[in-house]
Amino acid sequence: MDSLLEAVSQLEQTFVRRNRAPLGALVTWAEGAKGFLTARWLFVDEHREPREGRDYGELRLREVWLPIEQAVPSLRSALVHPTDGTGSFNFGSFDYGRIERRVSRSDSLSGWSEWVLEASQQSRRHDHGLTSGVAVAHGLPPFPSFHRAVEDWVWGERLVQRDGQARHLGEMLVVVPDTRGMLGSVRWEGNRLSGTVHSSSENDELEIQAAIATDTGRLVLPPLRPAPSAFSWETPVDARGADVYLVHSSRDLMGMANLSPGATLVDPARQLPPSEQAERDLADGENDRVEYKPFVNPKSDKESELIATVIAFANTVGGRLYIGVRNDGEPEGEQTFRRVIQGDKPEDEDRYLAYLDSLFRERVKPVPPLQYRARRRLGPSCNYGQSRDRR
């Protein structure tokens with residue numbers, strides 16, 4: 001208990017480091033037949049209207065908004081689970097808690113660099129009692145499994161684990177975004193390396209640094225301080241790689257980008273919703289960050305093409321691989337999918353995504369950050385496709 005309370009105290013200290021306390025916290029969690037399943041506390045600087053809860057029988061999905069004067073005391077109560085019944089949340093006792101700072105966009109839950117307090121209930125990770133049954137209820141969106149419903153509600157992304165379970169079961173993640181600064185779009189066009197910086201305050205405490213890899217060595221460019229909202233450097237003709245960093249005067253790293261010539265990292269504030277991004281990718285055709293591949297049978301020779309694409313994305317700036325899409329951008333359709341997987345059950349989709357995850361994790365080393373999403377394009381032919389996203 002002492003370590004958990006110490007972790008909360010460290011979390012409160014991050015409010016000072018980010019120059020101001022958040023306005024409050026949006027608390028999102030899932031409960032099952034045996035009680036607490038997983039939760040996310042997201043501290044933010046503006047009011048968030050909570051969603052109405054969902055009940056799928058043995059699964060209950062909840063969300064509340066807490067102003068800052070209630071959020072921290074409620075967090076303490078949720079972690080230590082007081083026996084007098086005064087706690088705001090009956091999550092149960094947590095065994096362990098630690099704080100880490102995350103800078104990579106692929107790991108971020110808020111889009112900014114952030115501090116994350118991760119508390120766990122070791123005994124509940126495997127004894128959560130959540131079945132793989134279909135999550136359906138009158139008036140609510142359907143899901144092929146309770147795990148998928150939890151994933152969609154709490155984490156908002158489709159990241160299927162090898163065992164088909166939702167992420168962070170038996171865990172509670174508390175997120176404090178560091179809004180002092182963030183790298184926006186960063187691009188390398190011709191001999192010009194440029195980008196943007198976002199910040200919730202003045203940029204005089206921020207500095208942009210860059211180093212260029214050339215044929216003759218490593219060239220450190222003159223730093224830009226204070227960090228301008230838009231920056232630009234000229235790169236040498238033999239440049240073949242660039243590292244860009246946004247650094248705070250406290251020595252905290254606020255953001256970083258690794259680029260090759262011609263690459264672009266998109267401003268996270270301007271990213272499209274996944275469904276809209278998929279439609280645009282299928283309409284615009286393949287490029288250095290988008291590739292189409294047909295549905296692949298496990299153990300077939302075509303697996304090597306998927307692996308080669310993932311490796312190519314991992315060695316550059318990432319990309320989106322659409323599986324189940326023809327070269328012209330048209331999805332192959334659900335009938336093709338069912339024929340490839342030789343099944344017609346709702347859980348076959350999860351099984352196929354688990355197969356892809358296992359394939360990439362076993363055959364790509366080191367394993368890059370992976371995200372998976374299933375997309376259906378409804379229409380006369382009920383086209384169907386899978387996508388895999390690595391950022």
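Where does Gln121 lie? Gln121 lies in the loop that runs between β6 (114-120) and α3 (146-155). The model is predicted: local features need pLDDT of at least 70, side-chain atom pairs count only at pLDDT 80 or more, and totals for chains, interfaces and linings use all residues. Residues are numbered from 1 along each chain as its sequence is written, and side-chain values use heavy atoms, with hydrogens and water left out.

View 1. Gln121 counts as buried because its relative accessibility is 2% (buried means under 20% relative accessible area, with a 1.4 Å probe and protein chains only). A polar atom of the Gln121 side chain lies 2.9 Å from the backbone oxygen of Phe91. Leaving aside residues up to four places away in sequence, Gln121 touches Phe36, Phe91, Gly92, Ser93, Phe94, Asp95 and Gly170 (contact means heavy atoms within 4.5 Å).

**View 2. The crossing of α6 and α7.** Helix α6 (residues 334-341) and helix α7 (residues 348-363) have axes that come within 11 Å and cross at roughly 65° (helices are DSSP runs of H or I, at least four residues, and strands are runs of E, at least two; axes are lines fitted to C-alpha atoms, and angles run from 0 to 180 degrees between N-to-C directions). That makes α6 roughly perpendicular to α7, a term for angles of 65 to 115 degrees. Phe337, Arg338 and Ile341 of α6 make the contact with Asp348, Glu349, Arg351 and Tyr352 of α7.

**View 3. Helix α6 and the residue after it.** Thr336, Phe337, Arg338, Val340 and Ile341 are the buried residues of α6. Gln342 follows α6 and has a positive phi, near 55°.

Conventions: Parallel < 35°, antiparallel > 145°, perpendicular 65-115°, else oblique. Buried < 20%, exposed > 50% of the residue type's maximum accessible area, 1.4 Å probe, protein only. Polar contact = N/O pair within 3.5 Å; in protein donor to acceptor, adjacent residues only side chain to side chain.
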